Amino acid sequence: MEFTISPTLGINERIASMHNVYDFGLGQSPFPVIPSMVEALKNNAHQKDYVNVKGLLPLRKEIARFHKRNGVDFDPEDMIIGPGSKELLFSLLFTCEADVFIPTPCWVTYPPQCIMTNRKAIFMHCEAQNNWRLTPQLLEDTFASNESSNRKFLILNYPNNPCGYTYSKEEIINICSVCHIFKVTIISDEIYGLLTHDGHHYSTSLYSRDIIVTSGISKWAGAGGWRLGYMAFTEQNRDLLIAMKQMVSETYTSVSAPIQHAAIHAFKETEVVNHYLAKARKALLLFATKIDNILKKVPSIKFSKMEGGFYFFLDATALKEKMAKHEIYTSNAFATFLLEKHQIAALPGSSFGRPKEELSLRFAYVDFDGSRLMKYGLNELTDSVIQQDGQKLIEGVKKLKQVLTNF
Ligand SMILES: Cc1ncc(COP(=O)(O)O)c(C=O)c1O
């Protein structure tokens, strides 16, 4: 296989030497690390011992309590802490032979991880008319036409990167029941779960026990660079947990001890965490509304309805004849054109599992000072604050509108 850096990290390196770029590339949380975690990290700098392979027990217990508050029982013994959920997913795919069903657009990392671990990936291309969400019908048709005796996984990610959609309770119930019929285990990537703009998130774990939930502190706790994620298993998939434990013990051993101690504070239900989340959600909702209002005036494009996290997906394939005049025939060429001619950095849809010739892009709307916004009270976070503090981001979306309108 050809080895290349992940496109999201690649674009960061590429624009580092450019000036005045409207940066919609890397999807990193714009907000600071939750303050109580920072305090705890300082207080735990002296923690020097290796930690249990599955992770620090008080952390696993706190995560179990967090899920319990949301209505689900997980045994702390059925969890594994890793240096990011990305690493855990890789270990899981490595440890067991499985066919992997992936709805697209999907997170950039799923396809390369399947290639690297030699797993068969079966893609389901979801449609713009459904806000790119997976429908039970597509799922059922795909399972029915891909029967095999292998273990099967569906990787379901919501709120979604790259589209920013989430699923309603009914939709999750329907997806779980199709998976149940076809005996497919859901790997439920809920890393943006606490960043739904309206605060509602329905975990697959509420409706099925044949699931593995993955999450962490990278997105909703602002701590991507701390590198801590987790996987929660149920009694139904303990064989995988045992295999994972061996994998961990022979690779990274355990996540940094001070980070594990500090991460406990992300999962506690405290005023600090609640306030932080309320403000992060409100700021993201205000930005999403603003972006929606600007882009809906552009004729002939489709873009996703933003309901959680900080991304949107845009498809301008209807402009393909006009784009051909600029020799743009692929999403990659489209992204290059926007960056080189208009200083707009976005990622090509092909990096998210879409056909090359679909003229689609992913945008992360995080280029604002989240630390500054966190200093406002919840009620002070208004449209005019966003307008002022998010000036560059909004200017970038307006520029995008102008480019697309005048193609
Ligand atoms: C959908 C999705 N899952 C997982 C991750 C990885 O998170 P972690 O930092 O826990 O490895 C990301 C990060 O961009 C993501 O977008």
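Strands β9 and β10 pair in the antiparallel sense over two bridges, where pairing requires that DSSP finds at least two bridges between two strands. Strands (E, at least two residues) and helices (H or I, at least four residues) are DSSP runs, numbered from the N terminus. K302 has D315, in β10, as its bridge partner. Both strands belong to an open sheet of four strands, ordered β9-β10-β13-β12, with antiparallel pairing. Its edge strands, each pairing on one side only, are β9 (302–303) and β12 (347–348).

The model is predicted; local features need pLDDT of at least 70 and side-chain atom pairs count only at pLDDT 80 or more, while totals for chains, interfaces and linings use all residues. Residues are numbered from 1 along each chain as its sequence is written.

An automatic or database domain assignment supplies the domain bounds: domain 1 covers 7–30 + 271–405 and domain 2 covers 47–267. Their centres, taken over C-alpha atoms, are separated by 25 Å. Domain 1 and domain 2 each put 29 residues into the contact, defined by C-beta atoms, placed from the backbone, that lie within 7 Å. On the side of domain 1 that touches domain 2, α1 (7–15), α10 (271–295) and β10 (311–315) each supply at least two residues. The largest share of that side, seven residues, comes from α10.

Around the ligand there are 13 residues, of which G84, S85, K86, S218 and G229 come nearest; a residue is near if its C-beta atom, placed from the backbone, lies within 6 Å of the molecule.

Notes. Contact = placed C-beta atoms within 7 Å.
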